[in-house]
Amino acid sequence: MLRLSISDIISNIASETPFEAVSEDYSFTIKIAHYAPYICGAVHDGHQFRKSLWDNCLHTEYDRWYEEDPCTKEMVQSHPIVIAGCDSRFEYDLNRAPETAIYTDAWGKQLWREPLPSNEKENSLKKHHTFYKVVGALVEKIEALYGKAIVFDMHSYNWKRWDRPVPTWNLGTANIDTDRFGNLAESWSHKLGTMGLPNGIQSTSKINDTFQGNGYFLKYITQNFGNTLVLATEIAKVYCDEYTGILYPEVVRSVEKHLKEFIPLQLQEFNETL
């Protein structure tokens, strides 16, 4: 893996050069094995939290991990184009617009002992801005090559905090054009619901049940690129123990194996529909 500046990353995309890199500031990774007509994203995969924020943060490392989406990059790592955040959403949230990307509180708990200095906010927002410069360049290139694109926007959620039965998979469609893409969303949800997982985990899937797909990653792409479908795909954290932080690698690998089969099938349907 290379370490590249934002300008070099965008230059590689412009020239259709395959590469794998971490950004110069280590805030995100991008892999383009070849320029396929689809992209996998894992914006909340990251856990890094810069040291200058440690003493001012009221949340523990576990508190932060609990609200992040660990292993979502691993679930799609075998696909040709993968972009993923390295930094924790508690530093800045890539799935929120810039004006709300820096938390003051998180899930009902104050985040900072003292208000963040302006230089700390600027540092975080710069990384948010450069990530979306690359996302824009990438989607623009895929649309230019194929006339359309599909993005698999991978997330996870804490299912044990709910006081009712919740699905293994949730697909958020509130901000996509359901007149054009509704049938594709339904078929994606159906595929996810057939996934056989180890340890007796029962796979179920619903649309707009626990979340509706209101994230900025989806909104940014959808609002700027008319021929790109973003599928905001959330897996309940059945692949770990939410309360102890223990990961179940056999479940993560099973999800990866199934997505390696399901995503190309979904791409085929997408190509046949549009």
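**Close-up views of a predicted model**

**Figure 1. Confidence along the chain of the predicted model.** Confidence in the protein is lowest in strand β6 (residues 105-106), where the mean is 94, and highest in strand β5 (residues 81-85), at 99. This is a predicted model. Its mean pLDDT over the protein is 97, and 100% of the residues reach 70 or more.

**Figure 2. The salt bridge between R50 and E91.** The structure holds 13 salt bridges. In one of them, the side chains of R50 and E91 meet at 2.6 Å, N to O. The pair ties together parts that are 41 residues apart in sequence, because R50 lies in the loop between β4 (38-42) and α2 (61-67), whereas E91 belongs to the loop between β5 and β6. R50 and E91 are both buried.

Figure 3. The side chains of K127 and D87 meet in a salt bridge with an N to O distance of 3.1 Å. K127 is located in helix α4 and D87 in the loop between β5 and β6, so this pair ties together parts that are 40 residues apart in sequence. The relative accessibility of K127 is 9%, and K127 therefore counts as buried. D87 likewise counts as buried, because its relative accessibility is 6%. Through salt bridges that share partners, R50, D87, E91, E120 and K127 are joined into one network.

**Figure 4. The salt bridge between D93 and R89.** A salt bridge is formed where the side chains of D93 and R89 meet, at 3.5 Å from N to O. Both of these residues, D93 and R89, are buried. Side chains of opposite charge can pair when their charged atoms come close.

**Figure 5. The largest pocket and its lining.** The largest pocket has a volume of about 510 Å³. Its lining comprises 27 residues, of which H44, R89, N95, F211 and E234 are the closest to the centre of the pocket. R89, one of these central residues, is also the salt-bridge partner of D93. Two or more lining residues are given by each of the elements α2, β8 (149-157), β9 (169-172) and β11 (228-236). Strand β8 provides the largest share of the pocket lining, with four residues. By residue class, the lining of the largest pocket divides into six nonpolar, 11 polar and 10 charged residues.

**Figure 6. The largest cavity and its lining.** The structure holds one cavity of 30 Å³ or more. About 40 Å³ of space lies in the largest cavity. The residues that line it are I39, I83, V135, L138, V139, V151, F217 and I221. Helices α4 (118-146) and α6 (216-224) each supply at least two residues of this lining. The largest share, three residues, comes from α4, the helix that also carries K127. The lining of the largest cavity consists of eight nonpolar residues, with no polar and no charged ones, whereas the lining of the largest pocket includes 11 polar and 10 charged residues.

Notes. Residues numbered from 1 in each chain as written. Predicted model: local features only at pLDDT ≥ 70, side-chain atom pairs only at ≥ 80, totals over all residues. Heavy atoms only, no water. 1 Å grid on protein atoms, 1.4 Å probe; cavity = no way out; pocket = protein on both sides within 12 Å on 5 of 7 lines; lining within 4 Å. Points joined across faces, edges and corners; volume = space filled by probe spheres on them. Nonpolar A, V, L, I, M, F, W, Y, C, P; charged D, E, K, R; others polar. pLDDT = per-residue confidence, 0-100. Salt bridge = Lys/Arg side-chain N within 4 Å of Asp/Glu carboxyl O. Buried < 20%, exposed > 50% of the residue type's maximum accessible area, 1.4 Å probe, protein only.
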